[in-house]
Amino acid sequence: MAIDRIWSYTPDSGHTEGQDLTGFAVAATDGTIGHVDREAAPHDMRHLVVDTGVWVFGRSVLVPAGVITGIDIQGRKVTLACSRGDAKAAPRFQTDSETRDREYLRSVGEYYDRLPPREAASV
(Lines give C-alpha, C1' and ligand atoms only; values in the text may rest on other atoms or scores of the structure.)
Protein backbone atom coordinates (compact mmCIF):
# COMPACT_ATOMS: atom_id res chain seq x y z
CA MET A 1 0.00 0.00 0.00
CA ALA A 2 1.41 3.38 -0.97
CA ILE A 3 2.35 5.71 1.88
CA ASP A 4 -0.08 8.40 0.69
CA ARG A 5 -2.89 5.83 0.71
CA ILE A 6 -2.15 4.52 4.21
CA TRP A 7 -4.24 7.40 5.56
CA SER A 8 -7.41 6.57 3.58
CA TYR A 9 -9.96 3.82 4.09
CA THR A 10 -9.74 1.25 1.31
CA PRO A 11 -12.83 1.01 -0.90
CA ASP A 12 -13.56 -2.54 0.29
CA SER A 13 -13.16 -1.78 4.03
CA GLY A 14 -16.86 -1.18 4.54
CA HIS A 15 -16.32 2.36 5.79
CA THR A 16 -19.10 4.87 5.21
CA GLU A 17 -18.35 8.58 5.42
CA GLY A 18 -19.63 10.04 8.69
CA GLN A 19 -19.68 6.64 10.38
CA ASP A 20 -18.67 6.78 14.06
CA LEU A 21 -16.41 3.88 15.05
CA THR A 22 -15.93 4.99 18.65
CA GLY A 23 -16.29 2.01 20.99
CA PHE A 24 -15.90 -0.62 18.24
CA ALA A 25 -13.69 -3.60 19.11
CA VAL A 26 -10.43 -3.71 17.12
CA ALA A 27 -9.05 -7.06 15.96
CA ALA A 28 -5.63 -7.71 14.46
CA THR A 29 -4.98 -10.80 12.33
CA ASP A 30 -4.22 -12.81 15.47
CA GLY A 31 -6.63 -11.44 18.05
CA THR A 32 -8.29 -8.44 19.64
CA ILE A 33 -6.12 -5.46 20.58
CA GLY A 34 -8.66 -3.12 22.16
CA HIS A 35 -11.39 -0.68 21.17
CA VAL A 36 -11.61 2.55 19.20
CA ASP A 37 -11.19 5.49 21.56
CA ARG A 38 -11.52 8.13 18.84
CA GLU A 39 -10.97 8.98 15.19
CA ALA A 40 -8.99 11.90 13.79
CA ALA A 41 -7.90 13.25 10.42
CA PRO A 42 -5.42 16.13 10.84
CA HIS A 43 -3.45 16.97 7.70
CA ASP A 44 -5.76 14.53 5.83
CA MET A 45 -4.08 11.67 7.74
CA ARG A 46 -7.12 9.64 8.86
CA HIS A 47 -6.51 7.30 11.76
CA LEU A 48 -7.95 5.61 14.82
CA VAL A 49 -6.64 5.91 18.35
CA VAL A 50 -7.09 2.46 19.85
CA ASP A 51 -7.24 1.97 23.61
CA THR A 52 -5.47 -1.34 24.26
CA GLY A 53 -6.52 -1.56 27.91
CA VAL A 54 -4.28 -3.86 29.91
CA TRP A 55 -2.96 -5.68 26.82
CA VAL A 56 -0.18 -3.11 26.28
CA PHE A 57 -0.08 -1.85 29.86
CA GLY A 58 -2.86 0.68 29.39
CA ARG A 59 -1.39 2.52 26.46
CA SER A 60 -3.08 3.49 23.23
CA VAL A 61 -1.87 2.86 19.68
CA LEU A 62 -2.48 4.89 16.57
CA VAL A 63 -3.69 2.97 13.48
CA PRO A 64 -3.89 4.60 10.02
CA ALA A 65 -7.22 4.13 8.19
CA GLY A 66 -5.48 2.24 5.35
CA VAL A 67 -4.62 -0.62 7.73
CA ILE A 68 -8.34 -1.32 8.28
CA THR A 69 -9.56 -4.26 6.22
CA GLY A 70 -13.13 -4.54 7.44
CA ILE A 71 -15.83 -2.82 9.44
CA ASP A 72 -18.73 -4.84 10.84
CA ILE A 73 -21.43 -2.38 11.86
CA GLN A 74 -23.74 -4.96 13.48
CA GLY A 75 -20.89 -6.65 15.35
CA ARG A 76 -19.27 -3.27 16.18
CA LYS A 77 -15.86 -4.58 15.13
CA VAL A 78 -12.97 -3.23 13.06
CA THR A 79 -10.39 -5.64 11.61
CA LEU A 80 -6.81 -4.74 10.72
CA ALA A 81 -4.25 -6.05 8.24
CA CYS A 82 -1.56 -6.37 10.90
CA SER A 83 -0.80 -8.59 13.87
CA ARG A 84 -1.04 -7.71 17.54
CA GLY A 85 2.76 -7.58 17.65
CA ASP A 86 2.85 -5.20 14.67
CA ALA A 87 0.46 -2.81 16.42
CA LYS A 88 2.41 -3.05 19.67
CA ALA A 89 5.72 -2.33 17.87
CA ALA A 90 4.38 0.78 16.07
CA PRO A 91 5.90 4.15 17.00
CA ARG A 92 4.85 4.81 20.56
CA PHE A 93 1.77 7.00 21.05
CA GLN A 94 2.09 9.07 24.22
CA THR A 95 0.11 12.31 24.03
CA ASP A 96 -2.97 13.62 22.25
CA SER A 97 -0.87 16.32 20.62
CA GLU A 98 0.83 13.59 18.55
CA THR A 99 -2.43 13.01 16.66
CA ARG A 100 -1.82 16.46 15.15
CA ASP A 101 1.98 16.22 14.76
CA ARG A 102 2.74 15.75 11.05
CA GLU A 103 6.19 14.22 11.70
CA TYR A 104 4.90 11.71 14.23
CA LEU A 105 2.05 10.75 11.88
CA ARG A 106 4.52 10.39 9.00
CA SER A 107 6.65 7.98 11.09
CA VAL A 108 3.55 5.92 11.94
CA GLY A 109 2.51 5.82 8.28
CA GLU A 110 5.97 4.74 7.16
CA TYR A 111 6.04 2.00 9.81
CA TYR A 112 2.70 0.48 8.76
CA ASP A 113 3.51 0.91 5.05
CA ARG A 114 6.66 -1.23 5.48
CA LEU A 115 4.79 -4.15 7.06
CA PRO A 116 4.46 -7.22 4.86
CA PRO A 117 0.96 -7.88 3.51
CA ARG A 118 -1.05 -10.21 5.74
CA GLU A 119 -4.22 -12.13 5.23
CA ALA A 120 -6.97 -10.28 7.03
CA ALA A 121 -8.95 -11.97 9.76
CA SER A 122 -12.64 -12.32 9.01
CA VAL A 123 -14.86 -9.53 10.29
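**Aromatic pair and sheet**

Searching the whole structure turns up one aromatic pair. The ring centres of Tyr111 and Tyr112 are 5.2 Å apart and their planes stand at 80 degrees, so the pair is edge-to-face; rings of Phe, Tyr and Trp (its six-membered ring) pair if their centres lie within 6.5 Å, with planes under 30 degrees apart counted as stacked, over 60 as edge-to-face and the rest as tilted. Tyr111 counts as buried because its relative accessibility is 14%, and Tyr112 is buried with a relative accessible area of 4% (buried is under 20%, exposed over 50%, partly exposed in between, with a 1.4 Å probe and protein chains only).

The model is predicted, with local features needing pLDDT of at least 70 and side-chain atom pairs counting only at pLDDT 80 or more, while totals for chains, interfaces and linings use all residues. Residues are numbered from 1 along each chain as its sequence is written, and side-chain values use heavy atoms, leaving out hydrogens and water.

Six strands form an open sheet of mixed pairing, in the order S4-S3-S2-S1-S6-S5. Strands S4 (60-64) and S5 (68-72) stand at the edges with a single partner strand each, so one side of each is left without a neighbour in the sheet. From one strand to the next, the twist averages 35 degrees. Strands are DSSP runs (E, at least two residues) and helices likewise (H or I, at least four), numbered from the N terminus, and two strands pair if DSSP finds at least two bridges between them.

Within this sheet, S1 (residues 25-28) and S2 (residues 31-40) run antiparallel and are joined by four bridges, and Ala25 has His35 in S2 as its bridge partner.

Conventions
Axes fitted to C-alpha atoms, helices over the stretch in contact; angles between N-to-C directions.
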